[in-house]
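Here is a quick walk through the side-chain packing and pairing in this one. Have the viewer open and follow along.

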Amino acid sequence: MEMKKSSIEFEGKTYTLESGRFAKFANGSVMVSQGDTMVLVTVVASRDEKPDIDFLPLTVEYREKLSAAGKFPGGFMKREGKPTDNEVLNARLIDRPIRPMIPKNWHFETQIIANVFSADPEVDPDTLAATGASAALMISDIPFHGPMSEVRVGFIDGEFVINPKFEDASKSKMDITVAGTDTAITMVEGESKEISEEEFIEALEFAHNKIKELNELQRQFTAQFQVEKREYTIEEIPEEFKELVVDTIKEDLEKYIHTVTTKKERGAARAEFDEKALAVATEKYGENEEIAPNIKKWTKEIVNSYEKQQMRRMIVEEKQRLDGRGLEQIRQITCEVGLLPRVHGSALFTRGETQSLCSITLGTQKDAQTIDGLDPVYQERFILHYNFPPFSTGEVGRMMTSRREIGHGHLAWRALKEMLPNEEDFPYAIRLISDILESNGSSSMATVCGGSLGLFDAGVPMKKPVAGIAMGLIFEEYGYAVLSDILGDEDHLGDMDFKVAGTVDGITACQMDIKIEGISFEIMKTALHQAKEGRMHILGVMNETMNQPREDVSEHAPRFHKIKIPTDTIGMVIGSGGETIRSITSQTHTEIVIDQDGTVTISSTSLEAAQAAEQMIEKIIRKPQVGEIYNAVVKEIREGLGAIMEFLPKQQGLLHISQIAHERVEDVSKYLQVGDKIDVKLVEITPDGKYRLSLKALIPDADGNFVEYKSQGGGNRGGGDRRGGGDYHRDGGNRGDYRGGDRDRGGDRDRGGHSRNDYHR
């Protein structure tokens, strides 16, 4: 196969589509590249059609090989494992705009795989993969209403930027991924720093112009191929069969859709319509060899289609919704906080028949998640997990983390994270779990609302509360209707699912999926401003329950206690090989982090434990002062000389035999034993830094007087055994090489080979 390629200059770098060199057995294969980033996208459809399924059998996989960035996978297994959350999220960014552009009657199993083989740190591969998927479908035999392209939009230093670099993300006011055709936007997902609705529209318009450039590149690329699209079965249901089913249910169904019902009631009604129509159709066509095998499938399809048609007409023409609300009306909301006594914060948010129970856990720096991928490794201290158990919809199913759960959780995470306090003001790692207990539309936005309340309940000083709302659209030739706070059925029957989250001052996250060819910017503006009104209403209800964070965190949460130590004492606190700091954390059941500026952060669920750790650290760094009294431990007996005493952690001195008692001491062991703890007085620090201690100075003589200590000058003369010429040195070693002594090179000199700074235990 001859290699074909097309290129354009796009945002300062060459953007190339190439086929014919890689993966030639695939139905469509495109290597898309920009700069040094290269993503191979393949699309394959099975040869056998599956006529009995009623859905589009499309799967999308996105994979990043760490070799693309010149990195080894971490851990024991040096092979990439299951997809990371980032890979799943990028696969969804390909799937969501592609799926509506493949005919619904396409029943061949289809798989799109995007493999990142080279990663330029200045070019993110995610949008390249989506554009490459469109190009691969364009040159394949799979029917596809493309082209479609995808870009990311940032706003840096007052200007819109396409596909901003990783290092520029923190400076950008927004990070929004936009997909679209020449005529319309088809998907939006992203986060922002409280941007206005007008700024949001401007970003989409800017992105759309760039999307058109990439769509034109795809057309130039496709023009080099002789593409023949595969034929597929478009099932035609006989008109007389349709009429029979519709006539059977018409009167009851039209009455039913004008009745205010719950989700469960609507489900029961549909089952009755299916059963009634099936009975009538079977009676008439049960013996018809051509129709009989399809009676059940066709009946269900016609009932669903007619219900959808009538519901859409009612909403657009009569402005009446399935649960009796007006187009802009929000369902009843109830909020509760503090339901779970042992977690650090909790909230139950219920909106209509959708309910989220949010639990907050506060942790220390060690609880932060390490994120490793093509980008530089970093720590994420805010984690959000969204769970959607099958009972939330009254169904039976497997308990597993689905791609949908990862996607919905990520959207809620984006909505909340910008409002969290910075680490300097609130040094906790934060985990938010949203368990969806009931679901009838917009559970991800319920997670945002419940999460915001739960964070307040946990005492997290968020800048502002955050709420979210899901908007829907019914678009017909005779008119359209924008719906606030959509139900699950309205999502299923409608043409748009547009989720918007934010504060009173702006949008913090959004996600939009369009099921039709696209919508105008005018309709999008209407949806955005209607969403803002709904968001303000929801925030008002939330604020009635709790409008500011609790003044303190839970008694069960860890507490942080900070002290400052001189930087030249950091090594002493850490100890040789971390021995000292490990001992402190073990004895006090705390966690300790030492920054290189000398800031020590002690975390514990007990204030007493934190204070105990602080006292131990203060003892270690405490500078010995002549005249002070210390509780010392006998470390070694030296007959004829005295005793070696540890009077501060890692600080030892000599209790000379002449300073043990007022009387003459011949046998030190009669007075002291190794391990004894006694009070001693530091009576001298010699010019060469040795410590001399006295027990006698604390004991009155026979006349009741305290004898003043007199310095003997350098070393131990007159009655003592120098044994190498000196007393014990303060760093815990024996400068004079006392026989049997321990020359400890640890102390504050820290020769253990580890970093003296930022040691974490």
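Which residues have the most contacts inside the largest nonpolar core? Keep in mind that this is a predicted model. The core in question has 125 residues, and I98, F200, I430 and F498 are the ones with the most contacts inside it. Take I98: leaving aside its neighbours within four places in sequence, I98 touches L58, I112, A133, S134, L137, F144 and M148. Apart from that core lies another one, of 25 residues, with A269, F273, I295 and L487 among them.

**Salt bridges**

Side chains of opposite charge can pair when their charged atoms come close. Here the count comes to 53 salt bridges.

| Pair | N to O distance |
|---|---|
| R96 and D513 | 2.8 Å |
| K464 and E194 | 2.9 Å |
| E61 and R63 | 3.0 Å |

What does the bridge between R96 and D513 tie together? R96 lies in helix α1 (residues 85-98) and D513 in strand β21 (residues 506-514), so the pair links parts that are 417 residues apart in sequence. Both ends count as buried: R96 has 12% relative accessibility, and D513 has 19%. R96 and D513 also belong to a network of salt bridges that includes E189, E191, R414 and K417.

The bridge between K464 and E194 is another link across the sequence. K464 lies in the loop between α8 (443-457) and β18 (467-476), while E194 is in strand β10 (residues 185-195), so this pair ties together parts that are 270 residues apart in sequence. K464 counts as partly exposed, at 23% relative accessibility.

As for E61 and R63, is each of them buried or partly exposed? E61 counts as buried because its relative accessibility is 19%, and buried means under 20%. R63, at 25%, counts as partly exposed.

**Rings**

The count of aromatic pairs comes to 16. One of them joins Y256 and F273 edge-to-face, 5.4 Å centre to centre with 65 degrees between the planes. Y256 lies in helix α4 (residues 239-257) and F273 in helix α5 (residues 263-285), so the pair ties together parts that are 17 residues apart in sequence. Y256 is buried, with a relative accessible area of 9%, and F273 is buried too, at 7% relative accessibility. F273 is also among the residues of the 25-residue core.

Elsewhere, ring pairs link W106, F108 and Y232 into a cluster. The ring of F108 also has the charged end of R230 sitting over it, 4.9 Å from its centre.

Note on methods: Residues numbered from 1 in each chain as written. Predicted model: local features only at pLDDT ≥ 70, side-chain atom pairs only at ≥ 80, totals over all residues. Heavy atoms only, no water. Core = buried A, V, L, I, M, F, W, Y, C linked by side-chain atoms within 4.5 Å. Buried < 20%, exposed > 50% of the residue type's maximum accessible area, 1.4 Å probe, protein only. Contact = heavy atoms within 4.5 Å. Salt bridge = Lys/Arg side-chain N within 4 Å of Asp/Glu carboxyl O. Helix = DSSP H or I, 4+ residues; strand = E, 2+ residues; numbered from the N terminus. Phe/Tyr/Trp six-rings, centres within 6.5 Å; stacked < 30°, edge-to-face > 60°. Lys NZ or Arg CZ within 6 Å of the ring centre and 35° of its normal.
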